[in-house]
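Hi,

Here is the structure I promised to pass on. Have a look at it first, and then read my notes below.

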Amino acid sequence: MEMTFRWYGSKFDTVTLEQIRQIPGVTGVITTLYDTTPGEVWTREAIHALKEEVEASGLHISGIESVNIHDAIKIGSPDREQYIDNYIETLKHLGKEDIHLVCYNFMPVFDWTRTELARVRPDGSTVLAYKQSAVDALVPEKMFESIAGDANGAILPGWEPERMAKVKELFDAYRDVDDEKLFANLKYFLERIMMAIHPDDPAWSVFGLPRIIINKENILRMMKMVDDPHNGVTFCSGSYGTNLENDLPDMIRSLKGRIHFAHVRNLKFHSQQDFEEAAHLSSDGSFDMYEIMKALYDIGFDGPIRPDHGRMIWGEKAMPGYGLYDRALGATYLNGLWEAIDKSHKRGI
Ligand code: DNO
């Protein structure tokens, strides 16, 4: 595996490439062209410039997160053909720049959903949190306002203001899309394109919209649907882990050969559907991080891993979840687990 770090580009990120370069064991970044909108073709020149910038700092691009999918593809409307063609064009340009890993998701309207972006924990750090009753009490159009005010001025991934300004219309457009239709639209898309899908977060329906990439049964269904290693998975422990019924190490083992990218982080649960994000350490949350890393190790995972959302600590002001300090601690911790697992394995312990 290779330890990597998410980076949104010098115009958008508070964290610099120079800082990432100094985190021991981190050699690559997971990045994107953050100022493109879903459906737009990424030009080869823009990709090339990004690549040169990253390489000038001594790092390299390990993968893209995300090339977002236009709503027409998820809804299955007639104009999806144009957007699939555009997507393929973007993938070709990425391929020519020698970038071959793309993470994406298939969530209608909203990407990852949280109800608080800065819940204060007893040690004074702040974290993202989710409370089901808070979602139930909100009308969907208010979701964006409620989340944007807390974002430290950042545009959150998947919550582009231009799309959010049209939330009502988007809800209308998804009116006839249920789980089955969404599976069919995903299959249609996948038969032309191959990649690493990110799970839905949280892993259940929000505001009555279908969400399908949520558990072992559905992800295996998707793997069989287009049974080719290019139809792969971004295994995100924090997203699948929102549903406590998901046995994460078991899911990892069942996806052997199909996981191309891993996001590893921890959550702390207060009840079945209320959780907050924790430090990466097992003892700070509800997951056994050793078992998660061990399962990845056992299936021979050799792709990039990145620490995921971190707590906001030491007074840092950054995009919620994406500051420097706690993610750097996370990367170091995960590298430590990996080293211990690798050495025990090699010594036959
Ligand atoms: C949140 C992320 C997601 C993820 C996308 C992938 O911080 O994990 O926004 O990047 O769902 O397309």
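**A patch on the surface**

Trp 314, Tyr 325 and Leu 329 make a nonpolar surface patch of about 340 Å². (Patches are made of residues with over 30% relative accessible area and no salt bridge, with like charges joined within 9 Å and nonpolar side chains, meaning Val, Leu, Ile, Met, Phe, Trp and Tyr, joined within 5 Å; the areas come from the Shrake-Rupley method with a 1.4 Å probe, and for residues only the protein chains shown count as cover.)

Before going on, keep in mind that this is a predicted model, where local features need pLDDT of at least 70, side-chain atom pairs count only at pLDDT 80 or more, and totals for chains, interfaces and linings use all residues. Residues are numbered from 1 along each chain as its sequence is written, and side-chain values use heavy atoms, with hydrogens and water left out.

Leu 329 sits in helix H14 (residues 325-346); helices (H or I, at least four residues) and strands (E, at least two) are DSSP runs, numbered from the N terminus. Leu 329 counts as partly exposed because its relative accessibility is 41%. The scale is this: buried means under 20% relative accessible area, exposed over 50%, and partly exposed in between (1.4 Å probe, protein chains only). Trp 314 is exposed, with a relative accessible area of 63%, and it lies in the loop between E12 and H14. Its phi is positive, about 55 degrees, although Trp 314 is not a glycine.

**Inside the fold**

The largest nonpolar core has 99 residues, and Tyr 104, Leu 186, Phe 189, Ile 219, Met 222, Leu 296 and Ile 305 touch the most other members. (A nonpolar core is a set of buried Ala, Val, Leu, Ile, Met, Phe, Trp, Tyr and Cys residues joined through side-chain atoms within 4.5 Å.) A second, separate core has 5 residues, including Cys 103 and Phe 261. In soluble globular proteins, nonpolar side chains tend to be buried together.

Which strands pair with E12? Strand E1 (residues 2-6) runs parallel to E12, over 2 bridges, and strand E9 (residues 259-264) is also parallel to E12, joined by 3 bridges. (Two strands pair if DSSP finds at least two bridges between them.) Glu 2 has Pro 304 as its bridge partner in E12, while His 263 has Arg 306.

**Charged pairs**

Side chains of opposite charge can pair when their charged atoms come close. The whole structure has 29 salt bridges, each being a side-chain nitrogen of Lys or Arg within 4 Å of a carboxyl oxygen of Asp or Glu.

Take Arg 121 and Glu 276, whose closest N and O atoms are 2.9 Å apart in a salt bridge. Arg 121 is in the loop between strand E5 (116-120) and strand E6 (126-131) and Glu 276 is in strand E11 (residues 274-277), so this pair ties together parts 155 residues apart in sequence. Arg 121 and Glu 276 are both buried.

Another salt bridge joins Asp 308 and Arg 265, with the closest N and O atoms 2.6 Å apart. Asp 308 lies in the loop between E12 and H14 and Arg 265 in the loop between E9 and strand E10 (267-271), so parts 43 residues apart in sequence are tied together. Both Asp 308 and Arg 265 are buried. They also belong to one network of salt bridges that share partners, along with Arg 6, Glu 65, Arg 114, Asp 201, Glu 277 and Arg 306.

**Backbone details**

Two peptide bonds to look up are cis: Glu 65 to Ser 66, with omega about 5 degrees, and Asp 201 to Pro 202, with omega near -5 degrees. Ser 66 is in the loop between strand E3 (60-65) and helix H3 (71-75), and Pro 202 is in the loop between strand E7 (196-198) and H10.

Cheers
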